[in-house]
Amino acid sequence: MDPKTLLQNFVNGLSLGSLYALIAIGYTMVYGILRLINFAHGDIFMMAVYFAFFLVTLASLPWYFAAILAIAGAAILGFSVDRVAYKPIRKAPRISALITAIGVSFFLESLAVVVFSGIPRSFRTIFPQFLNEMIILGGQVETRYGREVIVGGIRFPIISIITLVITAIALVFLWWFIYRTKIGMAMRAVSVDIPTTSLMGVNVDRVIGITFALGSALAGIGGILWAIRYPQVWPYMGFIPGMKAFVAAVFGGIGSIPGAVLGGLILGITEIMMVGLLPGAAGYRDAFAFFILIIILSVKPSGLMGKPDIVKV
Amino acid sequence: MRKLVLIVLVVILSISTFSSIKVGAILPMTGGVAAFGQMIWQGVALAHELFPQVLGQDIEIVLLDNNSDKVQAVNTARRAIEQEKVVAIIGQVISSNTIAGGAVAEENGVAMVSPSSTNPLVTQNRKYVSRVCFSDPFQGVAAALLAFNNMGASNVAVFVDVEQDYAVGFANFFRDTARELGGNVFYEYYKSGDQDFTAQVSDAMSKNADAFFIPGYYQEIALIAIQARQLGFYDPIISGDGAAVPETIEIGGEAVNGLYFTTHYDPGSPAVTENAKLFVQAYTEKFGEAPGTFTALGFDTYLVIRDAIERAGSTDREAIAQAVRQTKDFPAVTGIITINENGDAIKSVAIVKIEDGKFVYDTTINP
């Protein structure tokens, strides 16, 4: 790889990693508070994109309004999923909740196939085109095929810069929300001991509901940004991003929000670099992500920034 | 009274089951390549509407969705044959599905006629699986001629979907012809469902590719085209029949303008048969727009099976399967179809390009 391609691939990786990071934040937050791996996270991501798509195409709302409503829709969906699927089994063993989460994931995917049909749709014209323009550093102007274009240079999509900024805002907001508000304090209490928190007069179900709503809203934001970058919508679009975000969250230390961001960025960059260095193995890039997961789980099970579990004897 | 109703119902049911001939249609109505399935189904349904009967009985089409998936391709083939008791099958659509589902048709001795699977393995060593389209050894030659002779490329990056038999086969046939023409070819790999191709595009650009060839399906073709243009690749992008659906344009937008691809048929190509005129007229009347390639192939597949049932003179599966293989000079929409001893149809390749968000017929390459 020549230096220019290396730099371009680093930028490509950062662009992909920023999306993983944003999705991983919601994943890890729900886990950090409830100790539940919410496998339906990727499907709420998908639902939010469909909401935005139909709010623009059918209800002809302006794109910013549609985005806000779609994110709110994702939050409500996350809240309802908790009420319908997870709340009744709150006291059951953790494995039941995990399996329920997988069930919810399948349910949402199938529901999307039935309601929205299984054909991929184009998300290209939903949001303004300038978001997908590139910022070009370097390069020179040349005439190709009868028009002036910039050849060469390092290119970075505007949407990826927006994604990085939103990820940073989400990071700061969550820190403030969890450590500086009353409901955040209740969340931290729930993460330690649910029965005792309940005895202290905290409405545990409400706290958990808010956790889900917040995590799902983050999934919704991630989904819309993802669909602007990769402009197609279909019912299984959330599966692989959800899995990658899960790997990113575990990599960073599941439950740790800064860890999820770090994990997402590193995963995105290593994935792109791996394809760049070994173009022949590009078909195995997803397998590579899971290979990283296995290595981490065996070498450092608590992840980069996770707290090791203290086993009391 | 209730008993009487029940008896009447049973009689009606048995009459309706005995008086119609069941033909299966196994198509990807959902999943990654659903656009192909939807278009082919339109064509099958239109042909069924125009020619609903054979041997004086109604034809009933049993539509089964294989979710664009290899495992479901096998399951739906079993269901069509064992439960629905179809006499022949229209399908399947993409090569990897027809290879998987074709094994079931083969072991049960039921004719399966694919509208669009172009990989040679689809009909290789099969007596019951046939197709009404050309196969990739020829499409590969046509695409390579297009790239190296017509477009003047000399160093082509080929994007290969490692999960699809179609893409791997098509890429290899393209490479073989490229070598004969003295051109250079190198591969970049991806798999169905991938969204990010920036690393592959950057790699291809660093190796000074002067054209991209993408022998895959429309979702990835559109995304690769978008990301190639974003990363500053302005040279030609060429593709195969996997691009011949409106979704390529809807998803790709500006980025796919100037894309050339090889395909089976274009409504803009000169009509060779009465059926072609009838098809374009009936479709335009019904949907108010010009039909697409895969719709035409669906229409043709139905007609070929109907013709085979007629010539077999019975609903016996074996007789129909043999009649399919004996199809000769059938005047279909996409050309004159003769199915040879391998189960393949020898047909010409149309070259179509995308201009201002529309498919524009360019030329035809004959075998």
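Which strands of chain B does α11(B) lie across? The notes below start there.

1. **Helix over the sheet.** This is a predicted model. In it, α11(B) lies across β1, β2, β3, β4 and β5 of chain B. The helix runs at about 165° to β4(B).

2. **The sheet itself.** Chain B has an open sheet of six strands. The order is β2-β3-β1-β4-β5-β6, and the pairing is mixed. β2 (53-54) and β6 (129-131) of chain B stand at the edges. Each has a single partner strand, so one side of each is left without a neighbour in the sheet.

3. β6(B) is joined to strand β5 (residues 111-114) of chain B by three bridges. The two strands run parallel. One residue pair can be checked directly: B:Ser114 has B:Arg131 in β6(B) as its bridge partner.

4. **Domains of chain B.** Chain B is divided into two parts: domain 1 (2-134 + 272-348) and domain 2 (137-263). Their centres, taken over C-alpha atoms, are separated by 30 Å. Contact between them involves 17 residues of domain 1 of chain B and 18 residues of domain 2 of chain B. On the domain 1 side, the elements giving two or more residues are α2, α4 (95-108) and α11 (293-312) of chain B. What is the class make-up of that side? The domain 1 side has ten nonpolar, seven polar and no charged residues. Note that α11(B), which lies across the sheet strands listed in point 1, also contributes to this domain contact.

5. **Contact between the chains.** Chain B supplies 30 residues and chain A supplies 33 residues. On chain B, the elements that give two or more residues are α2 (34-50), β8 (184-190), α7 (198-206), α8 (218-230) and α9 (246-252). Which of them gives the most? α7(B) does, with six residues. By class, the chain B side divides into eleven nonpolar, 13 polar and six charged residues. α2(B) is on this list, and α2(B) also gives residues to the domain 1 side of the domain contact.

6. α10(A) and α7(B) pack at an angle of about 35°, with their axes 9 Å apart. Their crossing is right-handed. From α10(A), the contact uses A:Ile272, A:Val275 and A:Gly276. From α7(B) come B:Thr198, B:Ala199, B:Gln200, B:Ser202 and B:Asp203. The residues of this contact divide into three nonpolar, four polar and one charged.

7. **A helix pair within chain A.** Helix α10 (residues 257-277) of chain A also meets helix α9 (residues 239-252) of chain A. The axes come within 7 Å and cross at roughly 120°. That angle makes α9(A) oblique to α10(A). The crossing of α9(A) and α10(A) is right-handed. Residues of α9(A) in the contact include A:Lys244, A:Val247 and A:Phe251. Residues of α10(A) include A:Gly259, A:Leu262 and A:Ile266. By class, this contact has nine nonpolar, four polar and one charged residues.

Conventions
Residues are numbered from 1 along each chain as its sequence is written. Chains are lettered from A and ligands numbered from 1 in the order in which they are written. This is a predicted model: local features need pLDDT of at least 70, side-chain atom pairs count only at pLDDT 80 or more; totals for chains, interfaces and linings use all residues. Two residues are in contact if their C-beta atoms, placed from the backbone, lie within 7 Å. Helices (H or I, at least four residues) and strands (E, at least two) are DSSP runs, numbered from the N terminus. Ala, Val, Leu, Ile, Met, Phe, Trp, Tyr, Cys and Pro count as nonpolar, Asp, Glu, Lys and Arg as charged, and the others, Gly among them, as polar. Domain bounds come from an automatic or database domain assignment. Axes are lines fitted to C-alpha atoms, for helices over the stretch in contact, and angles run from 0 to 180 degrees between N-to-C directions. Angles under 35 degrees count as roughly parallel, over 145 as roughly antiparallel, 65 to 115 as roughly perpendicular and the rest as oblique. A crossing is left-handed if the near helix is turned anticlockwise from the far one by less than a right angle, and right-handed if clockwise. Two strands pair if DSSP finds at least two bridges between them.
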